[in-house]
Amino acid sequence: MTEVNTMEADSNLPLLDVRAVSHDFDYPLFKDINLALNKGESIAIIGASGSGKSTLLNIFSTLLIPNKGEVYYNNKNIFNLSKNNLLKIRRNDFGIIFQAHYLFRGFNADENLKISELLSENDVDSNLLSSLNISHVMKQGIGELSGGQQQRLSCARVLVKKPKIIFADEPTGNLDFQTANEVMDVLFDYVQNNDAGLIMVTHETKIADKCDKVYKLNDYRLEQIK
Ligand SMILES: Nc1ncnc2c1ncn2[C@@H]1O[C@H](COP(=O)(O)OP(=O)(O)OP(=O)(O)O)[C@@H](O)[C@H]1O
Ligand SMILES: [Mg+2]
């Protein structure tokens, strides 16, 4: 328990602080990436396909250890934490909306959310389902949902956890502009009302522009453009 208490946020610190992160697979991907996410803040990352945006989100969200650099969550270097504490953060504090949805295909939409409810011990708020406009498809199997409905269900599933940080990889990629805007508003409202943070990857500059800050991954560097 004491270890968990030390994870409590200091209100002046960034939620997430990325310091001098570099990574390469067989070839360099990016160098000396720095970024700070404050409470209530949303950050968009744009960049060409293959530039490393998803890889960057994987590093920020504990899933991949970078070759160099550190990521601090509430002032703790996440890659120095015990496996157990890292798991706790991943399970309780971080909500990841993947580019591929990873919904459980053997279950219907409702059951997919039930799994999240069970794991997080939170209830699904029916307002959330109506603001994402998926209340009417909850009895359908995952294969019977459109790509955009699966995407919105993935957002709902992550929000049920009440995460402190949402990492979203192209959460509006399959959506028309109006629906994309509505989904973004749900995410922004959540972040503001819960002192949480959002880091999202997108190809759509108009969607990116709705975030507080925008960064572009280009030529191995992350450059702030807003
Ligand atoms: N586990 C891995 N092992 C080796 N190479 C990888 C791995 N994951 C990603 N890559 C490579 O790293 C590069 C960046 O991939 P990444 O998925 O981060 O790009 P992206 O910017 O998210 O692209 P997109 O916009 O198409 O989603 C690609 O060339 C990809 O092939
Ligand atoms: Mg990607």
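## The ligand site

Helix H2 gives the most residues to the shell around ligand 1, namely 3. Helices (H or I, at least four residues) and strands (E, at least two) are DSSP runs, numbered from the N terminus. The residues around the ligand include Phe 25, Leu 29, Gly 47, Lys 53, Ser 54, Thr 55 and Gln 99. A residue is near a molecule if its C-beta atom, placed from the backbone, lies within 6 Å of it.

By class, this shell has 2 nonpolar, 8 polar and 1 charged residues. Ala, Val, Leu, Ile, Met, Phe, Trp, Tyr, Cys and Pro count as nonpolar; Asp, Glu, Lys and Arg count as charged; the others, Gly among them, count as polar.

## About the model

This is a predicted model, in which local features need pLDDT of at least 70, side-chain atom pairs count only at pLDDT 80 or more, and totals for chains, interfaces and linings use all residues. Residues are numbered from 1 along each chain as its sequence is written, while chains are lettered from A and ligands numbered from 1 in the order in which they are written.

## The six-stranded sheet

An open sheet of 6 strands runs in the order E6-E7-E8-E3-E9-E10, with mixed pairing. Strands E6 (94-97) and E10 (221-224) stand at the edges with a single partner strand each, so one side of each has no neighbour in the sheet. The twist averages 20 degrees from one strand to the next. Two strands pair if DSSP finds at least two bridges between them.

Strand E9 (residues 213-218) runs antiparallel to E10, joined by 4 bridges. Lys 216 has Glu 223 in E10 as its bridge partner. Helix H2 (residues 53-60) packs on the sheet and touches E3, E7, E8 and E9; its direction makes about 155 degrees with that of E8. Contact means C-beta atoms, placed from the backbone, within 7 Å.

## A hairpin and its neighbour

Strands E1 (residues 16-24) and E2 (residues 28-37) pair in the antiparallel sense over 6 bridges. A hairpin of 3 residues joins E1 to E2. E1 also pairs with strand E4 (residues 68-73), antiparallel, over 5 bridges. Val 18 stands opposite Val 71 in E4.

## Two helices side by side

Helices H6 (residues 147-160) and H7 (residues 177-193) pack at about 5 degrees, with axes 12 Å apart. Axes are lines fitted to C-alpha atoms, for helices over the stretch in contact, and angles run from 0 to 180 degrees between N-to-C directions. H6 and H7 are therefore roughly parallel, a term for angles under 35 degrees. Cys 155 and Leu 159 of H6 are among the residues in the contact, as are Val 183 and Leu 187 of H7.

Key:
Two residues are in contact if their C-beta atoms, placed from the backbone, lie within 7 Å. Angles under 35 degrees count as roughly parallel, over 145 as roughly antiparallel, 65 to 115 as roughly perpendicular and the rest as oblique.
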